[in-house]
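Here's a quick briefing to read with the model open in your viewer. Grab a cartoon view and follow along.

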Amino acid sequence: MPPIARPLAVDRRRFLAAGATAAGAAFAGPLAASSARLAEEDRWTMRLSASSINYTALPVEEACRRIAALGFEAVDLWSAHAGCPHLDDVAERLGANGLKELLDETGLTLYSFSVYVGGYERYAELLGKAGGGVAVRESRYGQAEDVRAEIKALVEQLHPLADLAGEHDSYLAIENHSGAILHSLDSIKAFCDFNDHPRLGIALAPYHLQIGGFSVEEAIALCGEQLLYFYAWQHDDGLGQLPGYGPTDFVPWLKALAEIDYPWYVNPFMHGEPEPEAMTAALAKSRDYLREAHAKAVAS
């Protein structure tokens with residue numbers, strides 16, 4: 001398949017590292033310190049986003065301000081799943097220009113629209129006009145009698161939506177989910193084998209992989225460059241779903257992301273959020289935990 005475009009920061013880091021390697025070979029000594037510095041820069045950088053659904057009780061403006069104040073770089077805006085009002089409010093009240101003004105005010109990057117309710121088509125133009133990003137949606141629920149055949153058919157059915165994403169400088173990411181045909185390592189492998197569209201990929205939810213007893217690290221490796229969205233989300237109850245709360249050690253997951261040089265965002269996530277003040281404190285703890293886990297993951 002044609003390569004999925006990678007953020008410029010990642011491409012620049014690779015270029016600098018390659019240049020340092022070549023220079024070091026030609027001019028050992030004077031450039032040794034510079035080469036070491038660039039090698040340090042070449043370590044995988046984790047970028048963090050957060051989802052507006054975790055502030056469902058707040059207006060979209062306040063949700064974005066809280067996410068930005070916590071130090072997250074980007075935001076994932078949700079349509080009306082579990083009553084989240086944010087994306088429809090943006091569509092009906094702010095529009096693309098209003099959303100861009102809000103992003104400029106908060107310093108956030110628009111990472112994604114999660115469109116489990118309403119579908120991608122409804123928000124495609126808005127996403128593009130606001131700067132483009134990733135649209136996250138489900139695959140198809142129900143058991144697959146022939147996993148590879150049904151995943152192949154799914155990928156083919158998604159091509160028109162992926163084409164639409166291309167028209168709006170965006171990508172389409174399909175989430176694995178318990179009870180859906182995209183749920184196992186076999187189905188993820190089939191998806192990646194059959195996907196030949198540079199605007200189509202996977203949103204990986206470890207929560208659902210853990211329910212099935214599947215290896216998250218192996219799933220990350222199978223996705224490779226087709227991984228467009230990563231939920232830092234473990235299978236547990238309440239706040240235990242978040243990094244730093246439940247029992248899961250996220251270091252191996254972040255190591256796996258580093259091994260594929262994952263260029264997008266890591267998004268701490270939970271369903272059933274508490275009230276806003278408790279949610280803010282929980283996201284702060286998850287942010288700090290992920291930063292510590294990232295340092296461990298890249299140390300070796």
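This is a predicted model: local features need pLDDT of at least 70, side-chain atom pairs count only at pLDDT 80 or more; totals for chains, interfaces and linings use all residues.

**The overall picture**
- The protein chain holds 11 helices and eight strands.
- Eight strands close into a barrel, in the order β1-β2-β3-β4-β5-β6-β7-β8, and the pairing is parallel. On average, neighbouring strands of this sheet are turned by 30° against each other, ignoring direction.
- Of the chain's 300 residues, 52% count as buried.
- If you look at contacts with a separation of 6 or more, 77% of them come from residues 24 or more positions apart.
- The accessible surface of the protein chain is about 12,600 Å², and carbon and sulfur atoms account for 53% of that.

- Is β2 (residues 74-78) buried or exposed? Five of its five residues are buried, so the strand is largely enclosed by the rest of the structure.
- Ala74, Asp76 and Trp78 point one way from β2, while Val75 and Leu77 point the other way; all are buried.
- On one pairing, β1 (residues 47-51) runs parallel to β2, with three bridges joining them. Ser51 stands opposite Asp76 of β2 here.
- To get from β1 to β2 the chain passes through helix α3 (residues 60-69), and this β-α-β crossover is right-handed.
- That helix, α3, lies across β1 and β2 and runs at about 150° to β2.
- Another pairing links β2 to β3 (residues 109-114): five bridges, again with the strands running parallel. Val75 stands opposite Leu110 of β3.
- β2, helix α4 (residues 86-106) and β3 also form a right-handed β-α-β unit.

**Helix α10 and what covers it**
- Which residues of α10 (residues 251-259) are buried? Val251, Trp253, Leu254, Ala256 and Leu257 are.
- Just after α10, have a look at the backbone of Asp261, which takes a positive phi of about 55°.

**A closer look at Ala162**
- Ala162 belongs to helix α6 (residues 147-167).
- Why does Ala162 count as buried? Its relative accessible area is 0%, and buried means under 20%.
- What is Ala162 in contact with, once you leave aside its neighbours within four places in sequence? Its partners are Leu172, His197, Arg199 and Leu200.
- Ala162 and His197 sit 35 residues apart along the chain, yet their C-alpha atoms are separated by 7.2 Å.

Key:
Residues are numbered from 1 along each chain as its sequence is written. Side-chain values use heavy atoms; hydrogens and water are left out. Helices (H or I, at least four residues) and strands (E, at least two) are DSSP runs, numbered from the N terminus. Buried means under 20% relative accessible area, exposed over 50%, partly exposed in between (1.4 Å probe, protein chains only). Contact means heavy atoms within 4.5 Å. Accessible areas come from the Shrake-Rupley method with a 1.4 Å probe; for residues, only the protein chains shown count as cover. Two strands pair if DSSP finds at least two bridges between them. A crossover is right-handed if, with the strands pointing away from the viewer, the path from the first strand over the helix to the second runs clockwise. Axes are lines fitted to C-alpha atoms, for helices over the stretch in contact, and angles run from 0 to 180 degrees between N-to-C directions.
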